[in-house]
Amino acid sequence: MQMSDPGKGPSWKAPTTDGARDRPLDGAEDDDFRSALLAGLAATPKRVSCKFFYDAEGSALFDRICTLPEYYPTRVELDLLERHAGELAVLIGPDVELVEFGAGSGRKVRRLLDALRRPRAYVPVDISGEHLHQAASRLRADYPRLGIRPVVADYTRAFDLPPSVSGAQRRVGFFPGSTIGNFAPEEAAGFLGMAAALLDGGGLLIGVDLIKDPALLHAAYNDSQGVTAAFNKNLLARANRELGADFADDGFAHYAFYQPLARRVEMHLVSLVAQRVRVAGREFRFATGETLHTENSYKYTVEEFRSLAAQAGFVPRRYWTDAARLFSLHWLEVA
Ligand code: AVJ
């Protein structure tokens, strides 16, 4: 596995397109869907960042993925948060400002907030103002004494946090769901280095999906109800809705597989025929079998992840896994 080069140090820099040939354009220059998709379709092999999955339709499909019997990460992580709530509260300590990278559905952060003693503030960081607004208003009703301070930012890049609220003892990051798996290991090290700087004096609670029997990974990304396929194909439907593209829904197949050498699940949309597609007034050709690479989801062993975190400026403290060792939750303190 290509761990980040320790000689490069953990300091965060925005990922460049260097070495991007074999991965989606995560963190590359293009922030908006139009320019990112146009650039990704012109590249060889074709690719687009998985961050564009999450329009309203895609977010709803992702919420359904989280309830699927084959998709263990959500279920196992929620269970770990509940099972170890008491220990988490002790390790994390009272009066914290909780910074969540990405505004989720709120289920996980509620479980954590309910475990903590007198959490002072909740700072969700998300690229979408709409997600932030929803996350904030849902929580405000149930946690009236919690300061809620949404920050609109792309956390795959360097960004600043507002000053801590008064009374907060330390800043604690929360990055659940193994979303870190969307970064290549060297990018993950960069993200962790940036997080360590933001969370100086505090720590990070992070969920990390584990290497396991590929058959279980395969099932998790090829569910029997076809929800993951619909989630993947929604990217094309989104291009049709927003960019006047003319992707044919039956022209592409969802294809997801675990690549044990790269230690990642790859998702692709495979062209079933030779075809031309128009996107925002430009034409692109797909050969039969050509793919648009839409996502990587890297998996780790517990020890690999702890050493990655250590290289990035954290002291790995406790971690928890389920009995079947499907998923892990790590408490990291800033060195
Ligand atoms: C949100 C990135 C953690 O990689 O498992 C679920 C996204 N993709 N099914 C994952 C996803 C297909 C998910 N993450």
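**Close-up views of helix packing and the ligand site**

**View 1. Helix α7 against helix α10.** In this predicted model, helix α7 (residues 185-198) packs on helix α10 (residues 302-311) at an angle of about 50°, and their axes are 8 Å apart. That angle makes α7 oblique to α10. The crossing of α7 and α10 is right-handed. On the α7 side the contact is formed by Pro185, Ala188, Ala189 and Leu192, and on the α10 side by Phe305, Leu308 and Ala309. By class, the contact of α7 with α10 comprises seven nonpolar residues, with no polar and no charged ones.

**View 2. Helix α1 against helix α9.** Helix α1 (residues 33-42) and helix α9 (residues 227-243) meet at an angle of about 120°, and 11 Å separates their axes. With that angle, α1 is oblique to α9. α1 and α9 form a left-handed crossing. Phe33, Arg34 and Leu37 of α1 make the contact with Leu235, Arg238, Ala239, Glu242 and Leu243 of α9. Sorted by class, the contact of α1 with α9 has five nonpolar and three charged residues, and no polar ones.

**View 3. Helix α3 alongside helix α5.** The axes of helix α3 (residues 72-83) and helix α5 (residues 107-115) cross at roughly 10° and come within 9 Å. Angles under 35 degrees count as roughly parallel, so α3 is roughly parallel to α5. From α3, the contact draws on Thr74, Glu77, Leu78, Asp79, Leu81 and Glu82; from α5, it draws on Arg107, Lys108 and Arg111.

**View 4. Surroundings of the ligand.** The ligand is surrounded by 14 residues, of which Tyr71, Gly177, Tyr221, Glu295 and Ser297 are the closest. In the side chain of Tyr221, a polar atom lies 2.6 Å from an oxygen atom of the ligand.

**View 5. Glu295 and Ser297 at the ligand.** Glu295 and Ser297 are among the closest residues to the ligand. An N or O atom in the side chain of Glu295 is 2.6 Å from a nitrogen atom of the ligand. For Ser297, an N or O atom of the side chain is 2.7 Å from an oxygen atom of the ligand.

Note on methods:
Residues numbered from 1 in each chain as written. Predicted model: local features only at pLDDT ≥ 70, side-chain atom pairs only at ≥ 80, totals over all residues. Heavy atoms only, no water. Axes fitted to C-alpha atoms, helices over the stretch in contact; angles between N-to-C directions. Helix = DSSP H or I, 4+ residues; strand = E, 2+ residues; numbered from the N terminus. Parallel < 35°, antiparallel > 145°, perpendicular 65-115°, else oblique. Left-handed = near helix turned anticlockwise from the far one by under 90°. Contact = heavy atoms within 4.5 Å. Nonpolar A, V, L, I, M, F, W, Y, C, P; charged D, E, K, R; others polar. Near = heavy atom within 4 Å. Polar contact = N/O pair within 3.5 Å; in protein donor to acceptor, adjacent residues only side chain to side chain.
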